[in-house]
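Work through the exercises below with the sequence and coordinates open. Each task is followed by a stepwise solution.

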Amino acid sequence: MNEATEKAADEATGTAPGPAADGNQDSDWLRLDPRTVLVRVVLFGGVLAGAALPVTFALAGPRPLWQAAAWVAAAVALALLADIVAETVRLRRTRYRIGTERSETGAPQAEGRGRVELHTGLLVVQRRSLARERIRSADLTANPLQRLFGLVKVRIGTGEHTGGSDSTLELDLVTRAEGERLRHELLARPAATPGAPDHDPSLATLDPRWIRYAPVSFLAPALGGAAAGAVMQVSEWFGAQGKVIDWIGDRFQDVSIPWMILVLVLLATVAGAVGALGLWVEMWWNYRLEREPGGTLRVSRGLFTARSVSIEERRLRGIELVEPLGVRVFGAARVDAVATGLVKDDDDKHADLKNLLPAAERAVADRVAAQVLREPEPPTGAPLVAHPRAARTRRVRWALGSVLAPVAVLVLLGLLLTPVLLYVAAGCAVVLGPVAVLFALDAYRALGHGVSGAYLVTRSGTVRRATVALQRSGVIGWTVKQSYFQRRAGLLTLTATTAAGAGAYDILDAGRSQGLAFAAGAVPDLLAPFLESVPTQEARSTER
């Protein structure tokens, strides 16, 4: 994006510097830390070194290995030199400042009218600016190398969305002291709730016992499968995949194929559990949830890569209590924030910014949810209204249908091709049928909705059960949906629309009159105009 395009985009979103920014004299331009060049070059060198080894073996072929290595080393040296020059130019061309706008007479305007400006680029010059009163986050991140040099990346955002991404500025990299100064300065706010405690440094801290929930998460089998795939991929790079397969076959030559598959799955599961434990330690070590002055929630965590995420309480619209199946079996749950502006962007796809608490005991999760929402009792623990039995029937039918459909296909193929598939179909029906019904009944028991003070509460799910406590004042609309089968069963699905979190939260398969009455009562005057004619129509039907 060139300078003119960037300026036009900024003006469209209200982030253009404008004349006032050019006349800002309150602060001088600041530069990134000079060690940024060294850190980025070292990281780039590590990537080149990792790619050099397979490339060297690939280029060797009939020629001597040292000759291929020499060519690769020369290419790596040239790439490093080019990177050093590029990073040095980027450093010299990047500057930022935080200042206060002035009026036309030169007098400072009211506090909070300042702007954060970032200028960078050589051939393509970018000039970005964010109004300080619109800034909602200033998050700090540092990987192990950056921590070694005492540097952090600062991501400043407004929580707004333009073209599918947040409006953000990134300072990559500054010293940790500078990052903390920027975070405190940009997020300084008056107390969010008058009369409420404005500072609580101990909403939650790390309990090492929580690590026992890591191996039962869905991440463990995924990591096990990834480990098996990595072994096969690396062996293919070195042309040894066949040898690896032969070695595995030799180990199980006296074992039947089903037992061999079972053992391999168990080994992959163990590897996944170990990986999940290591990943949990890296993600949640040094975890701390605290409330800072001005009504800002701060989550700090990370063993190697340190993360600091700040969420303004005025952006908070509720809490989501998440209970994945494995974690729920052990009576645990995690807490996520339902807040505006917490969307993963392209540069940070794997950072879940909404996590407030890792999987912990349900009582701990409820306590943290209540403290975060400043409520005496957790809304997520409120009693919920059960849904009609027709909702259970629908789930059982869907569960049986999901099993009988592939069984029918196997039966057809068995009649046409081989009788062996008939036995497979019978096995699937006997094993998967009861399991599907159990999941359907559990999904029905999970359904519920209700009101707890200022919060609308809804719960659903079995593999991933989620209980959402959403501020009733944060609901901006209702969507009522009825499929043909729902109409016949007297059910409907209500969707509460909000500007925070996922943007919409469902109340699945509620009774028709039950659901409409709940929506009208939970958020008064929002759905009532559409319900005024319903009693009259029913009365006319009765008279007829």
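**Exercise 1. Two helix pairs**

Helices α12 and α13 are roughly antiparallel to each other. The model is a predicted one.

Task: Show how the direction assigned to α12 and α13 follows from their axis angle, and describe the contact.

Solution. 
- Step 1. α12 covers residues 389-416 and α13 covers residues 420-446.
- Step 2. Their axes lie 9 Å apart, and the packing angle is about 170 degrees.
- Step 3. An angle over 145 degrees counts as roughly antiparallel, so α12 and α13 fall in that class.
- Step 4. In the contact of α12 with α13 there are 23 nonpolar residues, two polar ones and three charged ones.

Solution. 
- Step 5. The contact of α3 with α4 comprises 18 nonpolar, four polar and four charged residues.

**Exercise 2. The whole chain and its cores**

Task: Summarise the protein chain by its secondary structure, burial and contact range.

Solution. 
- Step 1. The protein chain holds 16 helices and 19 strands.
- Step 2. Of its 544 residues, 41% count as buried.
- Step 3. Take the contacts between residues at least 6 apart in sequence: 60% of them join residues at least 24 apart.

Task: Which residues touch the most other members of the largest nonpolar core, and what is V372 in contact with?

Solution. 
- Step 1. The largest nonpolar core has 36 residues.
- Step 2. Those touching the most other members are W210, Y287, L289, L356, L357 and V372.
- Step 3. With neighbours within four places in sequence set aside, V372 is in contact with L203, L289, R291, L297, E313, L316, I319 and L356.
- Step 4. Another core, of 22 residues, lies apart from the largest one; L32, V41, Y96 and I98 are among its residues.

**Exercise 3. Backbone exceptions**

Task: Where is the cis peptide bond between D172 and L173 placed in the secondary structure?

Solution. 
- Step 1. The bond joining D172 and L173 is cis, with omega about 15 degrees.
- Step 2. L173 lies in strand β6, residues 165-175.

Task: N286 and D509 have positive phi without being glycine. Is each one buried, partly exposed or exposed?

Solution. 
- Step 1. Phi is near 65 degrees at N286 and about 50 degrees at D509.
- Step 2. N286 sits in the loop between α9 (257-284) and β8 (288-292), whereas D509 belongs to strand β19 (residues 504-511).
- Step 3. The relative accessible area of N286 is 48%, so N286 is partly exposed.
- Step 4. Buried means under 20%; D509, at 3% relative accessibility, therefore counts as buried.

**Exercise 4. A strand residue**

Task: Is T498 buried or exposed, and which residues does T498 touch?

Solution. 
- Step 1. T498 is part of strand β18, residues 491-498.
- Step 2. Its relative accessibility is 5%, so T498 counts as buried.
- Step 3. Not counting residues up to four places away in sequence, T498 touches L470, G474, I476, G503 and Y505.

Note on methods:
Residues are numbered from 1 along each chain as its sequence is written. This is a predicted model: local features need pLDDT of at least 70, side-chain atom pairs count only at pLDDT 80 or more; totals for chains, interfaces and linings use all residues. Side-chain values use heavy atoms; hydrogens and water are left out. A nonpolar core is a set of buried Ala, Val, Leu, Ile, Met, Phe, Trp, Tyr and Cys residues joined through side-chain atoms within 4.5 Å. Buried means under 20% relative accessible area, exposed over 50%, partly exposed in between (1.4 Å probe, protein chains only). Contact means heavy atoms within 4.5 Å. Ala, Val, Leu, Ile, Met, Phe, Trp, Tyr, Cys and Pro count as nonpolar, Asp, Glu, Lys and Arg as charged, and the others, Gly among them, as polar. Helices (H or I, at least four residues) and strands (E, at least two) are DSSP runs, numbered from the N terminus. Axes are lines fitted to C-alpha atoms, for helices over the stretch in contact, and angles run from 0 to 180 degrees between N-to-C directions. Angles under 35 degrees count as roughly parallel, over 145 as roughly antiparallel, 65 to 115 as roughly perpendicular and the rest as oblique.
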